Amino acid sequence: QLSNSRSPERSFSSESLCSETSVESNDSKSSIRLIESKFSNRNGTLERQNHHSTSVGAFSSGGVEKQATGLQVLILWNNNLTSTCAASAADLFECTEYLQIINFGQNQIGNSFLMDTKSTLKSNMSLTSIGLQATNLSCDGLKTLSEILQFGGNSTLQRIDLRNNNLSTLGLGALSEALNSNKSIIRIDLDDAPKNEMLPLYEKNSEYQRLVSTIRQQCTFNE
């Protein structure tokens with residue numbers, strides 16, 4: 001049963017990304033089990049969050065295409081996922097024709113998740129929104145995301161949530177450069193002030209804020 005509760009601090013302002021339930025997951029294997037019976041139609045939505053079950057899960061490549069064919073919205077907020085779920089996520093990005101919104105927020109998937117899903121995210125033609133809030137991303141992750149979004153890469157993504165990550169001015173600079181050629185992104189959620197405590201004072205007070213402002217202007221230009 002799908003939940004209708006809302007929590008706007010947890011993802012985009014989109015109602016589709018704000019529920020209160022969670023996918024069963026295995027912390028050791030960082031896996032997701034997509035239950036086929038829940039996604040039997042093209043308007044399928046799974047909104048499950050904050051689950052810390054130790055039961056065995058399986059986001060297996062052998063079952064993803066059959067199970068998630070008609071899924072449009074998948075919320076995986078705070079499900080103990082790590083970078084080891086990247087291979088299965090890549091399979092999903094490759095096979096899905098209908099998935100539009102996916103939220104990995106509050107999972108420690110890190111930079112390597114984007115590196116391992118880069119090729120399928122670049123070629124995916126259905127996703128419009130991806131939530132990466134509080135996923136332990138840093139400069140390297142933003143550089144990979146920039147490569148996904150630059151000219152010749154993904155052309156359907158419109159919204160990305162990057163709040164509560166350890167972002168630096170180098171990563172933001174790469175993202176801004178990618179947006180010079182990307183014409184689909186209309187919103188990127190970023191913190192007004194950096195969460196990275198290691199940034200020099202100049203970057204915190206000036207350069208970071210300048211780049212955030214520039215990125216927001218670039219997104220507005222694409223609207």
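Reader: What share of the contacts in the protein with a separation of 6 or more comes from residues 24 or more positions apart?

Author: In this predicted model, residues 24 or more positions apart account for 86% of the contacts that have a separation of 6 or more, where a contact means heavy atoms within 4.5 Å. The protein has six helices and eight strands, and from the N terminus on its elements run β-β-β-α-β-α-β-α-β-α-β-α-β-α. Of its 223 residues, 54% count as buried.

Reader: Why are helices H4 and H5 called roughly parallel?

Author: Helix H4, residues 139–149, and helix H5, residues 169–179, pack at an angle of about 5 degrees, and their axes are 8 Å apart. Angles under 35 degrees count as roughly parallel, and therefore H4 is roughly parallel to H5.

Reader: Which residues of H4 and H5 meet, and how do they divide into nonpolar, polar and charged?

Author: From H4 come Cys139, Leu142, Lys143, Leu145, Ser146 and Leu149, and they meet Leu170, Gly171, Leu172, Ala174, Leu175 and Ala178 of H5. The residues of this contact divide into nine nonpolar, two polar and one charged.

Reader: What makes Ser146 a buried residue?

Author: Ser146, which is found in helix H4, has a relative accessible area of 4%, and buried means under 20%, so Ser146 counts as buried. Not counting residues up to four places away in sequence, Ser146 touches Gly171, Ala174, Leu175 and Ala178.

Reader: How do you know whether H3 and H4 are roughly parallel or roughly antiparallel?

Author: Helix H3 and helix H4 pack at an angle of about 5 degrees, with 9 Å between their axes. Since roughly parallel means under 35 degrees and roughly antiparallel means over 145, H3 and H4 are therefore roughly parallel to each other. In this contact Asn111, Leu114, Met115, Lys118, Leu121 and Lys122 of H3 meet Asp140, Gly141, Thr144, Leu145, Glu147 and Ile148 of H4, and these residues divide into five nonpolar, three polar and four charged.

Reader: Which residues touch the most other members of the largest nonpolar core, and which element gives the largest share?

Author: The core has 39 residues, and those that touch the most other members are Ile102, Phe104, Leu132, Ile160, Leu162, Leu172 and Ile188. Two or more residues each are given by S4, H2, H3, H4, H5 and H6, and the largest share, five residues, comes from H6. Phe104 touches, among others beyond four places in sequence, Leu76, Phe93, Phe113, Leu132 and Thr135.

Reader: Is Thr135 buried or exposed, and where does it lie?

Author: Thr135 lies in the loop between strand S6 and H4, and its relative accessible area is 0%, so that, with the limit for buried at under 20%, Thr135 is buried. Leaving aside neighbours within four places in sequence, Thr135 is in contact with residues including Phe104, Gln106, Asn107 and Asn165.

Reader: Why is Asn79 called buried, and which backbone oxygens lie by its side chain?

Author: Asn79 is found in the loop between strand S4 and helix H2, and a relative accessible area of 0% is under the 20% limit, so Asn79 is buried. A polar atom of the Asn79 side chain lies 3.1 Å from the backbone oxygen of Leu76, and a polar atom of that side chain lies 2.9 Å from the backbone oxygen of Trp77. The C-alpha atoms of Asn79 and Asn107 are 6.4 Å apart, although 28 residues separate the two along the chain.

How values were computed:
Residues are numbered from 1 along each chain as its sequence is written. This is a predicted model: local features need pLDDT of at least 70, side-chain atom pairs count only at pLDDT 80 or more; totals for chains, interfaces and linings use all residues. Side-chain values use heavy atoms; hydrogens and water are left out. Axes are lines fitted to C-alpha atoms, for helices over the stretch in contact, and angles run from 0 to 180 degrees between N-to-C directions. Helices (H or I, at least four residues) and strands (E, at least two) are DSSP runs, numbered from the N terminus. Angles under 35 degrees count as roughly parallel, over 145 as roughly antiparallel, 65 to 115 as roughly perpendicular and the rest as oblique. Ala, Val, Leu, Ile, Met, Phe, Trp, Tyr, Cys and Pro count as nonpolar, Asp, Glu, Lys and Arg as charged, and the others, Gly among them, as polar. Buried means under 20% relative accessible area, exposed over 50%, partly exposed in between (1.4 Å probe, protein chains only). A polar contact is a pair of N or O atoms within 3.5 Å; within protein, one must be able to donate a hydrogen and the other to accept it, and residues adjacent in sequence count only if both atoms are side-chain atoms. A nonpolar core is a set of buried Ala, Val, Leu, Ile, Met, Phe, Trp, Tyr and Cys residues joined through side-chain atoms within 4.5 Å.
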